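Please look through the sequence and the structure shown here before reading on. The report is meant to be read with both of them at hand.

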Amino acid sequence: MLVFIDESGDTGLNMACKATSPRFIVTLVLIEDREQATAVDERIQALKKELGLRAEFEFHFYKLKPAWRERFLREVACFEFFYFSVVLDKAGLTDHGVKTPAELYRYTCGLVFELAKPYLRNATVVMDGQGTELLRRELTSYLRRKVQAEAHGTSLIHKVKLQDSHKNNLLQLADMVCGAVARSLTDKPDAAVYRRIISHREMQVAHWPR
(Lines give C-alpha, C1' and ligand atoms only; values in the text may rest on other atoms or scores of the structure.)
Protein backbone atom coordinates (compact mmCIF):
# COMPACT_ATOMS: atom_id res chain seq x y z
CA MET A 1 0.00 0.00 0.00
CA LEU A 2 1.29 3.44 -0.96
CA VAL A 3 0.27 6.78 0.53
CA PHE A 4 1.16 10.19 -0.92
CA ILE A 5 0.78 13.44 1.02
CA ASP A 6 0.53 17.02 -0.16
CA GLU A 7 -0.79 20.28 1.22
CA SER A 8 -2.31 23.58 0.14
CA GLY A 9 -1.98 26.88 1.92
CA ASP A 10 0.72 27.77 4.40
CA THR A 11 1.44 27.01 8.04
CA GLY A 12 1.63 30.63 9.12
CA LEU A 13 -0.38 31.56 12.21
CA ASN A 14 -0.25 35.35 12.05
CA MET A 15 -3.76 35.93 10.77
CA ALA A 16 -3.19 39.69 10.70
CA CYS A 17 -0.74 39.14 7.84
CA LYS A 18 -2.43 39.34 4.44
CA ALA A 19 0.00 36.77 3.04
CA THR A 20 -1.16 34.13 5.53
CA SER A 21 -3.77 31.74 4.18
CA PRO A 22 -6.97 31.36 6.26
CA ARG A 23 -6.91 27.60 5.72
CA PHE A 24 -4.35 24.84 5.67
CA ILE A 25 -5.32 21.70 3.76
CA VAL A 26 -3.59 18.33 3.83
CA THR A 27 -4.56 15.61 1.36
CA LEU A 28 -3.71 11.92 1.60
CA VAL A 29 -3.87 9.86 -1.61
CA LEU A 30 -4.01 6.10 -1.06
CA ILE A 31 -3.18 3.48 -3.70
CA GLU A 32 -3.59 -0.09 -2.46
CA ASP A 33 -1.89 -1.91 -5.32
CA ARG A 34 1.65 -1.24 -6.55
CA GLU A 35 0.71 -2.29 -10.09
CA GLN A 36 -2.01 0.36 -10.08
CA ALA A 37 0.50 2.90 -8.77
CA THR A 38 2.82 2.05 -11.66
CA ALA A 39 -0.04 2.40 -14.14
CA VAL A 40 -0.94 5.88 -12.84
CA ASP A 41 2.71 6.89 -12.86
CA GLU A 42 3.11 5.80 -16.48
CA ARG A 43 -0.10 7.55 -17.55
CA ILE A 44 1.03 10.85 -16.00
CA GLN A 45 4.42 10.52 -17.69
CA ALA A 46 2.75 9.81 -21.04
CA LEU A 47 0.50 12.84 -20.58
CA LYS A 48 3.56 15.07 -20.36
CA LYS A 49 4.65 13.87 -23.77
CA GLU A 50 1.15 14.30 -25.21
CA LEU A 51 1.07 17.90 -24.00
CA GLY A 52 4.51 18.61 -25.47
CA LEU A 53 6.13 18.98 -22.06
CA ARG A 54 9.61 17.91 -21.08
CA ALA A 55 9.91 14.57 -19.26
CA GLU A 56 10.93 16.24 -16.00
CA PHE A 57 8.00 18.70 -16.01
CA GLU A 58 6.17 18.91 -12.67
CA PHE A 59 2.38 19.09 -12.61
CA HIS A 60 1.53 21.68 -9.97
CA PHE A 61 -2.13 22.69 -9.69
CA TYR A 62 -1.64 26.41 -9.17
CA LYS A 63 0.86 26.75 -12.01
CA LEU A 64 -1.25 25.01 -14.66
CA LYS A 65 -3.73 26.53 -17.06
CA PRO A 66 -7.31 25.37 -16.44
CA ALA A 67 -7.47 23.12 -19.51
CA TRP A 68 -4.42 21.18 -18.34
CA ARG A 69 -5.82 20.82 -14.83
CA GLU A 70 -8.98 19.28 -16.26
CA ARG A 71 -7.04 17.06 -18.65
CA PHE A 72 -4.79 15.75 -15.89
CA LEU A 73 -7.65 14.93 -13.54
CA ARG A 74 -9.73 13.27 -16.24
CA GLU A 75 -6.79 11.11 -17.29
CA VAL A 76 -6.13 9.83 -13.75
CA ALA A 77 -9.76 9.55 -12.62
CA CYS A 78 -10.15 6.04 -14.05
CA PHE A 79 -7.39 4.60 -11.87
CA GLU A 80 -7.91 3.02 -8.46
CA PHE A 81 -6.82 5.65 -5.97
CA PHE A 82 -8.74 7.26 -3.13
CA TYR A 83 -8.22 10.41 -1.12
CA PHE A 84 -8.90 12.03 2.23
CA SER A 85 -8.46 15.70 3.06
CA VAL A 86 -8.55 17.81 6.18
CA VAL A 87 -9.42 21.47 5.76
CA LEU A 88 -8.17 23.30 8.82
CA ASP A 89 -9.58 26.73 9.65
CA LYS A 90 -6.72 28.48 11.43
CA ALA A 91 -8.98 31.01 13.13
CA GLY A 92 -10.67 28.22 15.08
CA LEU A 93 -7.50 26.78 16.61
CA THR A 94 -7.36 28.91 19.74
CA ASP A 95 -8.30 26.01 22.05
CA HIS A 96 -6.21 23.30 20.41
CA GLY A 97 -2.73 24.17 21.64
CA VAL A 98 -1.27 24.80 18.17
CA LYS A 99 1.23 27.63 18.53
CA THR A 100 3.92 27.11 15.87
CA PRO A 101 3.95 26.28 12.13
CA ALA A 102 5.53 22.89 12.90
CA GLU A 103 2.76 22.08 15.36
CA LEU A 104 0.14 23.15 12.82
CA TYR A 105 1.67 20.89 10.18
CA ARG A 106 1.89 17.87 12.49
CA TYR A 107 -1.59 18.47 13.86
CA THR A 108 -3.24 18.63 10.44
CA CYS A 109 -1.37 15.60 9.15
CA GLY A 110 -2.34 13.71 12.28
CA LEU A 111 -6.01 14.51 11.58
CA VAL A 112 -5.88 13.25 8.00
CA PHE A 113 -4.15 10.05 9.07
CA GLU A 114 -6.90 9.55 11.64
CA LEU A 115 -9.44 9.70 8.81
CA ALA A 116 -7.51 7.16 6.75
CA LYS A 117 -6.45 4.89 9.62
CA PRO A 118 -9.16 2.23 9.07
CA TYR A 119 -7.78 1.72 5.55
CA LEU A 120 -4.04 1.72 6.31
CA ARG A 121 -2.15 -1.57 6.26
CA ASN A 122 1.66 -1.68 6.20
CA ALA A 123 1.70 1.56 4.20
CA THR A 124 4.71 3.26 2.70
CA VAL A 125 4.10 6.99 3.12
CA VAL A 126 5.75 9.31 0.58
CA MET A 127 6.03 13.02 1.21
CA ASP A 128 7.65 15.92 -0.61
CA GLY A 129 11.14 16.36 0.82
CA GLN A 130 11.75 19.80 -0.64
CA GLY A 131 11.70 23.03 1.32
CA THR A 132 10.53 22.36 4.86
CA GLU A 133 12.34 19.05 5.26
CA LEU A 134 12.68 19.51 9.01
CA LEU A 135 8.89 19.52 9.37
CA ARG A 136 8.65 16.30 7.40
CA ARG A 137 11.30 14.60 9.50
CA GLU A 138 9.53 15.67 12.65
CA LEU A 139 6.31 14.33 11.19
CA THR A 140 7.91 10.96 10.49
CA SER A 141 8.62 10.56 14.17
CA TYR A 142 5.21 11.94 15.13
CA LEU A 143 3.29 9.51 12.91
CA ARG A 144 5.21 6.52 14.12
CA ARG A 145 4.43 7.47 17.71
CA LYS A 146 0.80 8.49 17.25
CA VAL A 147 -0.59 6.22 14.54
CA GLN A 148 1.41 3.10 15.29
CA ALA A 149 0.79 3.40 19.03
CA GLU A 150 -2.96 3.27 18.42
CA ALA A 151 -2.84 0.34 16.01
CA HIS A 152 -2.99 -2.37 18.69
CA GLY A 153 -0.20 -4.43 17.18
CA THR A 154 -1.22 -3.93 13.55
CA SER A 155 1.40 -2.29 11.35
CA LEU A 156 -0.36 0.67 9.77
CA ILE A 157 2.75 2.47 8.55
CA HIS A 158 5.75 0.52 7.31
CA LYS A 159 7.95 3.53 6.57
CA VAL A 160 7.92 7.21 5.68
CA LYS A 161 9.96 8.39 2.70
CA LEU A 162 10.93 11.89 1.61
CA GLN A 163 11.16 12.44 -2.15
CA ASP A 164 11.30 15.43 -4.48
CA SER A 165 7.89 16.04 -6.02
CA HIS A 166 9.37 17.05 -9.38
CA LYS A 167 10.78 13.52 -9.65
CA ASN A 168 7.68 11.69 -8.41
CA ASN A 169 4.53 11.70 -10.53
CA LEU A 170 2.40 10.32 -7.70
CA LEU A 171 3.32 13.20 -5.42
CA GLN A 172 2.21 15.39 -8.31
CA LEU A 173 -1.08 13.47 -8.28
CA ALA A 174 -1.48 14.34 -4.59
CA ASP A 175 -0.73 17.99 -5.40
CA MET A 176 -3.38 18.06 -8.10
CA VAL A 177 -6.00 16.42 -5.90
CA CYS A 178 -5.22 18.75 -3.00
CA GLY A 179 -5.40 21.72 -5.34
CA ALA A 180 -8.81 20.58 -6.60
CA VAL A 181 -10.12 20.39 -3.03
CA ALA A 182 -8.68 23.80 -2.17
CA ARG A 183 -10.16 25.42 -5.29
CA SER A 184 -13.59 23.96 -4.50
CA LEU A 185 -13.66 26.06 -1.32
CA THR A 186 -13.21 29.36 -3.13
CA ASP A 187 -15.66 31.64 -4.93
CA LYS A 188 -13.76 31.46 -8.21
CA PRO A 189 -15.69 30.64 -11.40
CA ASP A 190 -14.05 27.21 -11.73
CA ALA A 191 -14.46 26.30 -8.04
CA ALA A 192 -16.67 23.27 -8.67
CA VAL A 193 -14.99 21.98 -11.83
CA TYR A 194 -11.97 19.99 -10.70
CA ARG A 195 -13.19 18.27 -7.56
CA ARG A 196 -16.26 17.05 -9.44
CA ILE A 197 -14.05 15.18 -11.92
CA ILE A 198 -12.52 13.06 -9.15
CA SER A 199 -15.55 12.98 -6.82
CA HIS A 200 -15.81 9.18 -7.13
CA ARG A 201 -12.30 8.92 -5.64
CA GLU A 202 -13.17 11.01 -2.59
CA MET A 203 -13.47 9.14 0.70
CA GLN A 204 -13.82 12.09 3.07
CA VAL A 205 -13.08 15.80 3.24
CA ALA A 206 -13.30 16.90 6.86
CA HIS A 207 -13.40 20.49 8.09
CA TRP A 208 -11.69 21.25 11.38
CA PRO A 209 -12.41 22.52 13.97
CA ARG A 210 -15.93 21.19 13.62
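Predicted model: local features only at pLDDT ≥ 70, side-chain atom pairs only at ≥ 80, totals over all residues.

The strands discussed here belong to an open sheet of 6 strands, whose order is β5-β4-β1-β2-β3-β6 and whose pairing is mixed. At its edges stand β5, which covers residues 157-163, and β6, which covers residues 202-208, and each of these strands pairs on one side only. When direction is ignored, neighbouring strands of this sheet are turned by 20° against each other on average.

Two of the pairings can be followed in detail, and both involve β2. Strand β1, made of residues 2-9, pairs with strand β2, made of residues 23-31, in the antiparallel sense over 8 bridges. Strand β2 also pairs with β3 in the antiparallel sense, again over 8 bridges.

## Partners across the strands

Individual residues show how these pairings are laid out. I5 has L28 in β2 as its bridge partner, while F4 stands opposite V29 in β2.

Is D6 buried or exposed? With a relative accessible area of 8%, D6 is buried, because a residue counts as buried when its relative accessible area is under 20%. Not counting residues up to four places away in sequence, D6 touches I25, V26, T27, A174, D175 and C178.

Helix α3, which is made of residues 101-116, lies across β1, β2, β3, β4, β5 and β6, and runs at about 140° to β3. Helix α5, which is made of residues 169-184, lies across β1, β2, β3, β4, β5 and β6 as well, and runs at about 45° to β1. Both helices are mostly covered: in α3, 12 of the 16 residues are buried, and in α5, 15 of the 16 residues are buried. The buried residues of α3 include L104, Y105, C109, V112 and F113.

How far apart are the end C-alpha atoms of α3? They are 23 Å apart, and this agrees with the 22 Å that its 16 residues should span at 1.5 Å a residue. For α5, the 16 residues should likewise span 22 Å at 1.5 Å a residue, and its end C-alpha atoms, at 23 Å apart, agree with that. At the start of α5, a side-chain oxygen of N168 reaches to within 2.8 Å of the backbone nitrogen of L170.

## Residues in the loops

D33 lies in the loop between β2 and α1, the latter covering residues 34-50. Its relative accessible area of 39% makes D33 partly exposed. The side chain of D33 reaches the backbone nitrogen of E35 at 2.8 Å, and it also reaches the backbone nitrogen of Q36 at 3.0 Å. Although D33 and F81 are 48 residues apart along the chain, their C-alpha atoms are separated by 9.0 Å.

T11 lies in the loop between β1 and β2, and with a relative accessible area of 17% T11 is buried. Leaving aside its neighbours within four places in sequence, T11 is in contact with F24, K90, P101, L104 and Y105.

## The cysteines

How many disulfides does the model contain? The count comes to 0 disulfides, where the cut-off is that a pair of cysteine sulfur atoms must lie within 2.5 Å. For C109, the closest cysteine sulfur is that of C178, and because the two sulfurs are 10 Å apart, they are too far for a bond.

C109 counts as buried at 1% relative accessibility, whereas C17 is partly exposed, with a relative accessible area of 32%. C178, which holds the sulfur closest to that of C109, is also among the residues that D6 touches.

Notes. Residues numbered from 1 in each chain as written. Heavy atoms only, no water. Pairing = 2+ DSSP bridges. Helix = DSSP H or I, 4+ residues; strand = E, 2+ residues; numbered from the N terminus. Axes fitted to C-alpha atoms, helices over the stretch in contact; angles between N-to-C directions. Contact = heavy atoms within 4.5 Å. Buried < 20%, exposed > 50% of the residue type's maximum accessible area, 1.4 Å probe, protein only. Polar contact = N/O pair within 3.5 Å; in protein donor to acceptor, adjacent residues only side chain to side chain. Expected span 1.5 Å × (residues − 1).
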